[in-house]
Structures are given as structure tokens and as C-alpha cells.
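Subject: Structure for your review

Dear colleague,

Please find the structure below, handed over for your use. A summary of the findings comes after it.

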Number of protein chains: 2
Amino acid sequence: MANPPESSKPAVILLSGGLDSATVLAIAKERGHTCHTIGFDYGQRHRNELDACKQVAEHLDASSHRIFPINIGSFGGSALTAEISVPKDRNEADLTEIPITYVPARNLVFLSIALAYAETIGSTDLFIGVNAVDYSGYPDCRPEFIESFAAAANLATKIGVDGSTIRIHTPLMEMTKAEIITAGTALGVDYALTHSCYDPSTDGRACGHCDSCMLRRNGFEQAGIADPTRYAVNNA
Amino acid sequence: MANPPESSKPAVILLSGGLDSATVLAIAKERGHTCHTIGFDYGQRHRNELDACKQVAEHLDASSHRIFPINIGSFGGSALTAEISVPKDRNEADLTEIPITYVPARNLVFLSIALAYAETIGSTDLFIGVNAVDYSGYPDCRPEFIESFAAAANLATKIGVDGSTIRIHTPLMEMTKAEIITAGTALGVDYALTHSCYDPSTDGRACGHCDSCMLRRNGFEQAGIADPTRYAVNNA
């Protein structure tokens, strides 16, 4: 089976509720894909991410949206799923090390599930918002990982063996956070709907000091675009 | 971090409840690994597999056993998870094609989750009972898939990046079903506890005619070992 024409192809978009994956959805839509979004309920401490996924999918008019329960948080080992403190105000040098917010094998697990989903709906195109420039130092965000996953995906699946090529699209890979925000803004993404903070207040406001908040804040500042994030009052 | 000495290393063993993965557990134990088994509740139509996983883990004295819920069956697309008829009495020629019992990306998903688990317990060794000789034609059982997964696993994880090498052990890859049964029997595996049938009767008896039953039956016959499988009466 040959790949269908680019313009009408169904694509599976991995959503996290954050700024990057919202931008990726807007890009996939712009490229003419029919977009099926999938978010993951993986035992994260903060449900804001899942609410944001749903709002982003609706806002950008995804053809379908689903939340898939996959409790890798039950294995423990990360500040994002266990009761471990989220580091704050880390400096640039620290960001080259893998932080405690790393979730073991997360992107590999998420991509594998997204691939299973894609195969059942006849899609050969997966979109993920990984980025190797302004990121937290996670190994599973690097281009070499994505390439090796694509190789495995094509060998693992019926759709790959049958002659289609599964593509893992990473449109943000080489972009700075400011470039991502600029591109998404041009495509009409409402970043007020997205949630990036690793350690929000109980009313959903961003802490402003975790790695994710700092990257986001700096991104808006460098892009010269007003930051719509609701920060906790003492961190505004 | 260097890999710890082989003899005391923790290993994660993927269990399916079937004959092959039970044999793999016995082999990993024989090699001196501390064995942590994981089975997957993936929406399969028959719970016998999960009961068999637990019995096999207890019988072979695994250090821990867990069932991980991962409902890829909710995506549909396979006779093992959806209401599609399981093919019976397929001949050898048919077995070179990917059958309807294929579950999209199953081994990729299972290995990814097992890897996440391994990383949280400090294990770099995964064991899986895939086999490229007497198998049902699934793409994710081939050595080239396993190699590509291992490459992705080492790039995806902190443990891989930190200098350890994650190994995906496939001790059965080049063995016939008869050789697997002979090896497992020598290691004390009680195959009466294992479940292979894709389409068992309501009281858990094997149909004797699906691909999995046929491979198993022929294996015992060729090994010259009594088949302990309880077949449905009219298929004995």
C-alpha cells in the first residue's frame, strides 16, 4: 500500500497540554492533515495538563481527541509523578543534565501507543513536539532518538511491512522557544489555553520558576509577544 | 555507570501466559538474574492469559510479578481484542502472512513499558520470548525489530545515556517450538500452567486449531514430550 496523498492524510498528534504540542497541532493542520489528537493520563500529579489537552484540541478543531490511560507513573522514579520536589530556578548550565522531572522512557511509551492508534486508523504520520534547543535535557527529545524510533516503528508494524513508511514529524526540533511561539501565534494558537508548569498552584496558576515555566517565560519575552500565562501572584 | 555483574543483575521478563515466555523466565533464572515479571492486561478477549502469567511467575519463583493495564485493545483492529473470528486450521503457507490476530504495535508498546519499569528498578536487562522460526508471522517478532528497539531504548533513557547498555534478550529467537519445549522441560517448566490458545472455551480449554494451538501441538509432538494441554473435548 502506498502512502495516501499528503493533503488529506490522517495524522496522529501527541498532545501534552503544553505550548509545544499545541503549536505542532496547528502546524499539522496547516499542512492539510486530518488531525487526531491523543493525550496521556500517565499518573502525572497535575490534571491541568489533561484539561489543557482537551481545550487545545477543541480550539484548534481536531477531528478527534482521546485521552489514553497509561499509568507509567505507578513505576515511580520521577518528580512529575511521585512526591519528589520539582527543582526551581535552575540555571542554564544545569539544563544540560537530565533533571529529576525526567519520566522513564516516557516519549518511547507515548510514541509506541500513538503508533498503535495510528495503525488502527490507517495513519502513517505521527506528530510530536519534541525540541532539541530550548528543552529540559531529556534524552528522549533528541533527533537521534526520534530517528531510531521511526526505524523501530517501520519494522514493528503491519503497515510498515506492507510498504507504507511511517513518519515521525518533529516540526519544532530545531526551533527556539521564541520561534515556536512566533510560529504558533501566526497560526492562531491561543497559548492562554496551554499549560506548561510542572508545579502549579491548586487553582492552576503557573509557578514561574520550574524549568518549564522558565523556558516558556523566556520564550515569550524573546519573541516580543505578551505572555498570557496566569502566574501565581507572588511569582508574577 | 557500568552494568552490574551478570550473576546478580535484576531483569525484567515479559510474560504472556504462554509457553514461550514461561521458558524465557526459566532461562533468565538459570542465568542467575533476579527476575521481575510483567504481564499486560491489554484488552485481550481471554483472561486465561493473565491467570497463566500469575501461575507461571509463582511456579518459577519470580522475585516480583505485576500485571500492567494498557488498553491498546480499545483501538480495535485485531481478532485478539475485538469481536473478529480467530482463523482456524491455517496451513503452513498462510503462516507467512500477517494474520488478523496481529495486534497493532503490541511488542513495541509492551517493550517500551517494560523498559520504563526496568529503568525505575535499575535493571538494564529485558527478556522477551519472541521467536522467528515457529511463529505466526508477526513483524514485531523479528530480530531486526528487536535490534532497532534496543537502539531506540538506549537513546530514549537516562540509564542508556548514563553509560549502561540496555540489552533485549531473546533467547528463543532461533529455536524451533520443539527445541523450546525441550529446553524448558529440562529447566523444570510445568507447561500445564501455560495458556497458548487464541480462542479457548469458556472453561479455559484450548481449541486445538488456531495458529497458536497448532504451533504448540506440533512442538510437543516433534519434541516427543507429552502435551499437557487441556483441549476442548471435540478437539482432543
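The model is predicted: local features need pLDDT of at least 70, side-chain atom pairs count only at pLDDT 80 or more, and totals for chains, interfaces and linings use all residues. Residues are numbered from 1 along each chain as its sequence is written, while chains are lettered from A and ligands numbered from 1 in the order in which they are written.

The sheet of chain B

In chain B, five strands make up an open sheet in the order 3-2-1-4-5, with parallel pairing. Strands (E, at least two residues) and helices (H or I, at least four) are DSSP runs numbered from the N terminus, and two strands pair if DSSP finds at least two bridges between them. Strand 3 (64-69) and strand 5 (167-169) of chain B are at the edges with a single partner strand each, so one side of each has no neighbour in the sheet. On average, neighbouring strands of this sheet are turned by 25° against each other, direction ignored. Strand 4 and strand 5 of chain B pair in the parallel sense over three bridges; B:Asp125 has B:Arg167, in strand 5, as its bridge partner.

Helix 1 of chain B

Helix 1 (residues 19-30) of chain B has twelve residues, which at 1.5 Å a residue should span 16 Å; its end C-alpha atoms are 17 Å apart, which agrees. The expected span is 1.5 Å times one less than the number of residues. Eleven of the twelve residues are buried, so helix 1 of chain B is largely enclosed by the rest of the structure. Buried here means that 20 or more other C-beta atoms, placed from the backbone, lie within 10 Å of the residue's own. The buried residues pack against elements of chain B including strand 1 (10-15), strand 2 (34-41) and helix 7 (211-223). B:Gly32, with a positive phi near 95°, follows helix 1 of chain B.

The two chains

In all, 34 residues of chain A are in contact (C-beta atoms, placed from the backbone, within 7 Å) with 34 residues of chain B. Helix 3 of chain A gives the most to the side of chain A that touches chain B, with ten residues. Chain A can be laid on chain B with an RMSD of 0.0 Å by a turn of 180° and a shift of 0.0 Å along the axis, superposing by least squares on C-alpha atoms of residues with pLDDT of at least 70 in both copies. This is the relation of a two-fold axis.

Yours sincerely

Terms used:
Contact = placed C-beta atoms within 7 Å. Axes fitted to C-alpha atoms, helices over the stretch in contact; angles between N-to-C directions.
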